Amino acid sequence: GLLMGAALGLSPTMAVVLLIPFIFRMTPEQGLIILGAVYTETVAGGAICAILLKISEAPANIATVVKNS
């Protein structure tokens, strides 16, 4: 999730969508945990681009871009 968040052009929602085919064989609890973890880690990883490149990957990182400008 952290690497997906640091990748330019990959939003948290897109990271979750890309992982949906991989969770079909899991139990519902495991799938929800993985999707939630990837979403939150992608938001945290988006802070890397927001701090270093001053580019907002997700709406959650806009405040970081504005603060560091």
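Start with helix α3, residues 28-52: this helix gives the nonpolar patch its largest share, three residues. Keep in mind that you are looking at a predicted model.

**The surface patch.** Now select the whole patch: L2, L8, I48, I51, L52, L53 and I55. These residues lie on the surface, and together they have about 650 Å² of accessible area.

**I51.** Zoom in on one of the patch residues, I51. You will find I51 in helix α3.

**K54.** Next, select K54. This residue sits in the loop between α3 and α4 (62-68). Check the backbone here: phi of K54 is near 60°. That is a positive value in a residue other than glycine. With a relative accessibility of 43%, K54 therefore counts as partly exposed.

**The core.** Leave the surface and select A15, V16, L19, I23, L35 and V38. These six residues make up the largest nonpolar core. Which elements give two or more residues to this core? Colour α2 (12-19) and α3 to see them. The largest share, three residues, comes from α2.

**L35.** Finish on L35, one of the core residues. Show its contacts, leaving out residues up to four places away in sequence: L35 touches V16, L19 and I23.

How values were computed. Residues are numbered from 1 along each chain as its sequence is written. This is a predicted model: local features need pLDDT of at least 70, side-chain atom pairs count only at pLDDT 80 or more; totals for chains, interfaces and linings use all residues. Side-chain values use heavy atoms; hydrogens and water are left out. Patches are made of residues with over 30% relative accessible area and no salt bridge: like charges are joined within 9 Å, nonpolar side chains (Val, Leu, Ile, Met, Phe, Trp, Tyr) within 5 Å. Accessible areas come from the Shrake-Rupley method with a 1.4 Å probe; for residues, only the protein chains shown count as cover. A salt bridge is a side-chain nitrogen of Lys or Arg within 4 Å of a carboxyl oxygen of Asp or Glu. Helices (H or I, at least four residues) and strands (E, at least two) are DSSP runs, numbered from the N terminus. Buried means under 20% relative accessible area, exposed over 50%, partly exposed in between (1.4 Å probe, protein chains only). A nonpolar core is a set of buried Ala, Val, Leu, Ile, Met, Phe, Trp, Tyr and Cys residues joined through side-chain atoms within 4.5 Å. Contact means heavy atoms within 4.5 Å.
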